[in-house]
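Biologist: I would like to learn how to read a model like this one. Can we take it feature by feature?

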Amino acid sequence: MPRIELAPEVFDDFDRFFDHQTKYGIEDTSERIAEINEAIQVLAHSPLIGRKAKRGKRELVIGQESRGYVALYRYVSDVDTVFVLAIRSQRESGFKRSR
């Protein structure tokens with residue numbers, strides 16, 4: 001079963017979500033982060049489930065509408081590891097960092 005590694009920058013993404021949700025009075029921020037983490041765990045069983053993205057990366061769509069997010073990741077079969085590189089809201093135009 002593949003291992004899942006979160007890039008340190010993913011925690012910056014979570015901070016950005018917290019800041020945005022706090023600014024707009026959304027109170028279930030911790031619950032939303034937990035939902036994202038739970039969804040990412042599916043990659044341990046199905047690392048190729050996400051849609052193909054540029055340069056060998058994939059995107060896992062999590063949730064929908066205002067609760068929708070996209071996790072950018074790369075699966076490296078040689079080391080049987082999923083590297084989660086970034087997470088963004090589906091309403092954001094793109095990932096903050098290019099990888």
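Biologist: Where is arginine 55 found?

Modeller: This is a predicted model. Arginine 55 sits in the loop between β2 (51–52) and β3.

Biologist: Is arginine 55 buried or exposed?

Modeller: Exposed, because its relative accessibility is 56% and the cut-off for exposed is over 50%.

Biologist: Where is aspartate 80, and what is its phi?

Modeller: Aspartate 80 lies in the loop between β4 (69–76) and β5 (81–89). Its phi is near 45°, again a positive value in a residue other than glycine. Aspartate 80 has a relative accessible area of 28%, so it counts as partly exposed.

Biologist: Which residue does glutamate 5 pair with?

Modeller: Arginine 3, with 3.2 Å from N to O. Glutamate 5 is partly exposed, because its relative accessibility is 29%. Arginine 3 is partly exposed too, at 46%.

Biologist: Which element holds arginine 16 and aspartate 13?

Modeller: Both are in helix α1 (residues 8–23). They are 3 residues apart, about one turn of the helix.

Biologist: What does glutamate 59 form with arginine 51?

Modeller: A salt bridge, with the closest N and O atoms 2.7 Å apart. Glutamate 59 is buried, with a relative accessible area of 15%. Arginine 51 is partly exposed at 43%.

Biologist: What about arginine 58: which strand is it in?

Modeller: Strand β3, residues 58–62. Arginine 58 is buried, yet has no salt bridge. The nearest side chain of opposite charge is glutamate 59, and that is 10.0 Å away.

Biologist: Which backbone oxygens lie by the side chain of arginine 58?

Modeller: Check distances to its polar side-chain atoms. The backbone oxygen of leucine 48 lies 2.9 Å from one such atom. For the backbone oxygen of glycine 50, the distance to a polar side-chain atom is 3.0 Å.

Biologist: Which residues does arginine 58 touch?

Modeller: Leave out residues up to four places away in sequence. Then the residues touched include Pro47, Arg51, Lys52, Ala71, Leu72 and Tyr73.

Biologist: Let us zoom out. How many helices and strands does the protein chain have?

Modeller: There are 2 helices and 5 strands. From the N terminus on, the order is β-α-α-β-β-β-β.

Biologist: How do I judge the overall size?

Modeller: Compare the radius of gyration with the value for a compact globule. With 99 residues that value would be near 13 Å; the protein chain has 13 Å, so the two agree. The C-alpha atoms fill a box of roughly 45 × 25 × 25 Å along the principal axes.

Biologist: What share of the residues is buried?

Modeller: Buried residues make up 36% of the 99. The accessible surface is about 6100 Å², and carbon and sulfur atoms hold 50% of that.

Biologist: What share of contacts links residues 24 or more positions apart?

Modeller: Take the contacts with a separation of 6 or more. Of these, 48% join residues 24 or more positions apart.

Methods. Residues numbered from 1 in each chain as written. Predicted model: local features only at pLDDT ≥ 70, side-chain atom pairs only at ≥ 80, totals over all residues. Heavy atoms only, no water. Helix = DSSP H or I, 4+ residues; strand = E, 2+ residues; numbered from the N terminus. Buried < 20%, exposed > 50% of the residue type's maximum accessible area, 1.4 Å probe, protein only. Lys, Arg positive; Asp, Glu negative; His and termini not counted. Salt bridge = Lys/Arg side-chain N within 4 Å of Asp/Glu carboxyl O. Polar contact = N/O pair within 3.5 Å; in protein donor to acceptor, adjacent residues only side chain to side chain. Contact = heavy atoms within 4.5 Å. Rg over C-alpha atoms; globule rule 2.2 N^0.38 Å. Areas by Shrake-Rupley, 256 points an atom, 1.4 Å probe, with all protein chains shown as cover.
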